[in-house]
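Thanks, everyone. I'll walk through one model this morning. Let me put the sequence and structure on the screen.

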Amino acid sequence: MALTVVSVSGHTWHLTRRIGSGSEGVVYAVDHARPLVAKLVPDPPDPAAYRRRIDRLVRQRREPRAVRLLSGATQRVAWPMVGVRAGGPGPEGVDGYVMADMRHAHQPFARLLTPQARRTHLPRATWATALAAGLSLARLLADLHSEGYVVGDLKPDNLWVDAHGAVGIADVDSWQFTDGGEVFAGRMGSPGHTAPERIGAPAGTAPDRTADDFVLAVLVHELLMCGLHPFAGHPAADADYLSYDDNVLHGRCRLLDRTSVVLPRSAPPLDLLPRRLTALFRAAFGGVRPPASAWAEALAAESEPARLRTCRRNPLHVHTAERPWCPWCDLAEHGADGYPAQVPGPPAARAAPLAKDAEGMEEKAAWQR
């Protein structure tokens, strides 16, 4: 059923089909010449405060800090354009806002994380694309932090990515920011993508930039390790697996202690990561967290062509130059190829293990000795 929403100025917007929902709101397509969507939040904790939050974000759209974030050829932020209300001015009305439709140029971020989704939706994506997405996300977060915003609920569900790895973000209404001396606190966090100090924190506890920095490291790890969460694995000690968050709280992370968790043989190996990035991950999860700008600098360096190799057997098998042989071919032998070839060969060729080049085989043998 079509819905009608009205802005403060009296402009009417017609919503068509429901296209998504989250923990707080519902997103609808907007009947408009431009690619737009509307988010409605049926039950905010404080409706008046929520309306004020949206009003301030709409006003900030014209301020230099937001203009800088919204500049450029690629849409990076689905910023609230106008506040709207459905159902009239009474207590039964529902508030929300109109924003750009990120689907116009992006796909859900999660499609870059698993081989099945990549093969269907991003068939030309490689590990270099994952590096590019990590770099784009780190730069975006660094820019948000420099303008005084804290995302708070950074997770795959509010991120978008295009075929080249350019990342965009939505759900701006949950960010933490200051306007005119008033602090609009971040309100949320999500299982598996929450900094340890925020897990179990009292409701209303404000996030800070370092909380975002922790989740950034988690997301970059998921990008580069074929969707593997850095705190994945069954506890190696005599303990039951409960959740990612439980592993986070107990420091169960392969990067910090190889003996802390048990992972299947199909998990990507640790040496898939360049040493520079491994050091950042260890600092993020067990030391002083690197800021988003440090991640951007390191990911830019590791994205340079000289730092990458392409497998001779499968052009989708891209890996760090520090790795002397193709890790994706190794994983393919265990039935876990992260970037399978898009053009299948004859059955015999598909069944046989992928060959490595002679130089790589010699280096692998020497490494194993």
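Which residues have the most contacts inside the largest nonpolar core? They are Phe285 and Trp295, and that core has 75 residues. Keep in mind that this is a predicted model.

Where do the core residues come from? At least two each come from α2 (64–70), α4 (127–146), β8 (159–161), β9 (167–169), α5 (209–224), α7 (275–286), α8 (292–302) and α9 (327–333). The biggest contribution is from α4, with 11 residues.

Take Trp295. Leave out residues up to four places away in sequence, and Trp295 touches Ala138, Leu216, Ala217, Val220, Leu277, Leu280, Phe281, Ala284 and Pro290. There is also a second, separate core, of 13 residues. Val26, Tyr28, Leu40 and Val84 are among them. The general background: nonpolar side chains tend to be buried together in soluble globular proteins.

Start with β4, residues 36–41. Is β4 enclosed or open? 6 of its 6 residues are buried, so β4 is largely enclosed by the rest of the structure. Leu36, Ala38 and Leu40 point one way, while Val37, Lys39 and Val41 point the other, and all are buried. As a rule, side chains in a regular strand alternate between the two faces of the sheet. Note Lys39: this lysine is on the buried list too.

Now the partners of β4. One is β3, residues 26–30, joined to β4 by 4 bridges and running antiparallel. The two strands make a hairpin, with 5 residues between them. Tyr28 sits opposite Ala38. Another partner is β6, residues 94–100, again antiparallel, over 6 bridges. There, Leu36 faces Ala100.

Next, helix α1, residues 47–60. It has 14 residues and spans 20 Å from first C-alpha to last, close to the 20 Å expected at 1.5 Å a residue. Which residues of α1 are buried? Tyr50, Arg53, Ile54, Arg56, Leu57, Val58 and Gln60. Their cover includes β4, α2, β5 (82–86), β6, β10 (177–179) and β11 (182–184).

There is also an open sheet of 3 strands. The order is β7-β8-β9, and the pairing is antiparallel. β7 (107–108) and β9 are at the edges with a single partner strand each, so one side of each has no neighbour in the sheet. Between β7 and β8 there are 2 bridges. Pro108 stands opposite Trp160 in β8. Helix α4 lies across β8 and β9, at about 40° to β9.

Why call Leu228 buried? Its relative accessible area is 15%, and the cut-off for buried is under 20%. Beyond neighbours within four places in sequence, Leu228 contacts His221, Glu222, Arg254, Leu263, Ala267 and Pro268. The C-alpha atoms of Leu228 and Val218 are 9.3 Å apart, with the two residues 10 residues apart along the chain.

Last, confidence. The average pLDDT is 90, and 92% of the residues score at least 70. The stretch to watch is 345–369, where pLDDT is below 50. In the model, that stretch has 26 contacts beyond near neighbours in sequence.

That's the tour. Over to you for discussion.

Notes. Residues numbered from 1 in each chain as written. Predicted model: local features only at pLDDT ≥ 70, side-chain atom pairs only at ≥ 80, totals over all residues. Heavy atoms only, no water. Buried < 20%, exposed > 50% of the residue type's maximum accessible area, 1.4 Å probe, protein only. Pairing = 2+ DSSP bridges. Core = buried A, V, L, I, M, F, W, Y, C linked by side-chain atoms within 4.5 Å. Contact = heavy atoms within 4.5 Å. pLDDT = per-residue confidence, 0-100. Expected span 1.5 Å × (residues − 1). Axes fitted to C-alpha atoms, helices over the stretch in contact; angles between N-to-C directions.
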